[in-house]
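Please look over the sequence and the model shown here before reading on.

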Amino acid sequence: MSLILAIESSCDEMAMAVLKDERTFLSSVIASQIDVHAMYGGVVPEIASRKHVECVSIVLKEVLEKANIAIEDIDAVAVTKGPGLVGSLHIGLQVAKTISLAFDKPLIGVHHIAGHIYANNFEKEMIYPHMSLVVSGGHSELVLIKAPFQFEIVGMTLDDAVGEAYDKVGRVLQLPYPGGPVIDKMAASAIPTYDLPNPLNDGSYNFSFSGLKSAVINLHHNATQRGEVLNKEELAASFQKVVLTTLINKTMAACQEFGVKEISIAGGVSANRGLRKAMQEAVDRREGLSLSLPPMSCCTDNAMMIALAAKQMYDNNVFSSIDLSVRPNLNLEDETIGGNDNG
Ligand code: KG4
Ligand code: ZN
């Protein structure tokens with residue numbers, strides 16, 4: 001039996017979870033600060049790290065109590081080492097290192113995106129060769145995973161991440177923060193009537209969303225100047241339609257080229273109901289291909305996903321040294337087990 005305590009604090013959530021063996025969670029706690037940052041229309045890094053300091057001991061106490069274990073019972077402590085906000089990452093890392101030193105437990109530094117990808121191990125083992133469409137507030141990538149924990153980035157964003165584009169469009173349309181879930185909801189009940197440009201239709205697996213975002217913003221500004229009122233629901237639906245078409249077409253093309261057996265969606269935007277449905281329909285049309293989706297509770301930042309990625313590392317004896325430091329700009333490919341940098 002193994003018990004892994006995982007800590008995630010890369011942005012504005014302080015989250016902890018206890019994983020028993022492959023996929024049994026004894027507890028999971030998330031202290032979100034979203035209400036505080038909503039007042040500013042985005043995450044304020046300084047406030048995020050201060051709030052983490054305030055709540056970290058409370059979250060630790062709660063996650064252990066809910067799991068009904070003592071800290072001595074754990075076999076390893078896992079923590080997000082990057083990428084993310086440096087001040088936020090520091091709080092989680094210092095707690096993990098303190099536990100590791102004080103209770104003589106192995107330390108596992110986890111890449112945040114490896115966590116998002118392995119959230120797809122929540123219900124069953126991922127199938128390889130695998131393609132993960134990573135879509136979060138800071139990342140948009142197509143990651144080919146030929147075998148467990150072997151990461152190859154075959155496409156990436158050249159500018160804005162998908163979640164970032166959603167949130168910026170949300171801000172212009174004066175929607176509550178974060179805009180992503182709100183736009184998803186509005187899009188579900190409206191018809192896409194506005195004509196928006198197709199981003200980066202160049203045959204590559206790279207993404208570019210800043211042109212699309214600017215098109216929405218310009219449309220809105222021009223209408224406002226002319227005193228016209230736009231239909232926000234229809235604009236949300238038009239924006240979402242272009243985003244989903246691009247994401248799905250590129251993912252399907254990449255899967256064809258690399259002989260992939262299973263696709264997953266990872267990161268906060270994997271909670272998008274329109275994306276989940278449209279990707280399922282595309283996969284159903286392709287024989288020999290399946291789709292893995294993280295449960296809704298595991299889409300946006302949480303510590304269960306960090307524990308699931310850490311489990312892969314634990315089973316392969318990949319541990320970090322106690323001088324581990326936070327890495328705000330960590331490269332996912334360097335995390336490949338058997339690669340050159342699992343520090
Ligand atoms: O993975 P995550 O929690 O944080 C990062 O690692 O970035 O992702 C947060 C992002 C935000 O941009 C948020 O707007 C977006 O995920 N998001 C969504 C939905 N739910 C969250 N975007 C579109 N549709 C959703 N339903
Ligand atoms: Zn994330």
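This is a predicted model: local features need pLDDT of at least 70, side-chain atom pairs count only at pLDDT 80 or more; totals for chains, interfaces and linings use all residues.

Residues are numbered from 1 along each chain as its sequence is written, and chains are lettered from A and ligands numbered from 1 in the order in which they are written.

**Ligand 1**

- There are 18 residues around ligand 1, and H116, G137, D167, G268 and N272 come nearest, where a residue is near a molecule if one of its heavy atoms lies within 4 Å of it.
- By class, this shell has 11 polar, four nonpolar and three charged residues, with Ala, Val, Leu, Ile, Met, Phe, Trp, Tyr, Cys and Pro counted as nonpolar, Asp, Glu, Lys and Arg as charged, and the others, Gly among them, as polar.
- Helices α4 (112-118), α5 (162-172) and α6 (179-188) each supply at least two residues of the shell, and the largest share, three residues, comes from α6; helices (H or I, at least four residues) and strands (E, at least two) are DSSP runs, numbered from the N terminus.
- At least three residues of the shell come from each of domain 1 (3-117 + 298-334) and domain 2 (128-293), the domain bounds being taken from an automatic or database domain assignment.
- A polar side-chain atom of H112 lies 3.1 Å from an oxygen atom of ligand 1, and a polar side-chain atom of D184 lies 3.2 Å from a nitrogen atom of ligand 1.
- For D301, a backbone N or O atom lies 3.0 Å from an oxygen atom of ligand 1.
- Of the 560 Å² of accessible area that ligand 1 has on its own, the protein covers 87%, with areas from the Shrake-Rupley method and a 1.4 Å probe.

**The zinc ion (ligand 2)**

- The protein donors of the zinc ion are H112 (NE2), H116 (NE2) and D301 (OD), lying 2.0 to 2.1 Å from it; donors are N, O and S atoms within 2.8 Å of the metal (3.2 Å for Na, K and Ca), and sites may look incomplete because water is not among the atoms.
- Along the chain these donors follow the spacing H-x3-H-x184-D, and H112 and H116 both lie in helix α4, four residues apart, about one turn of the helix.
- H112 counts as buried because its relative accessibility is 7%, where buried means under 20% relative accessible area, exposed over 50%, and partly exposed in between (1.4 Å probe, protein chains only).
- H116 also counts as buried, at 1% relative accessibility.

**Single residues**

- Q33 is placed in the loop between β3 (24-32) and α1 (34-38) and is buried, with a relative accessible area of 6%.
- Q256, found in helix α8 (residues 232-258), is exposed, with a relative accessible area of 55%.

**Backbone**

- Most residues other than glycine have a negative phi, and most peptide bonds are trans.
- A cis peptide bond joins Y128 and P129, with omega about -5 degrees, and the bond from Y177 to P178 is also cis, with omega near -10 degrees.
- N68 has a positive phi of about 60 degrees although it is not a glycine, and N68 counts as exposed at 70% relative accessibility.
- F149 has a positive phi near 60 degrees, but F149 counts as buried at 1% relative accessibility.

Conventions: Side-chain values use heavy atoms; hydrogens and water are left out. A polar contact is a pair of N or O atoms within 3.5 Å; within protein, one must be able to donate a hydrogen and the other to accept it, and residues adjacent in sequence count only if both atoms are side-chain atoms.
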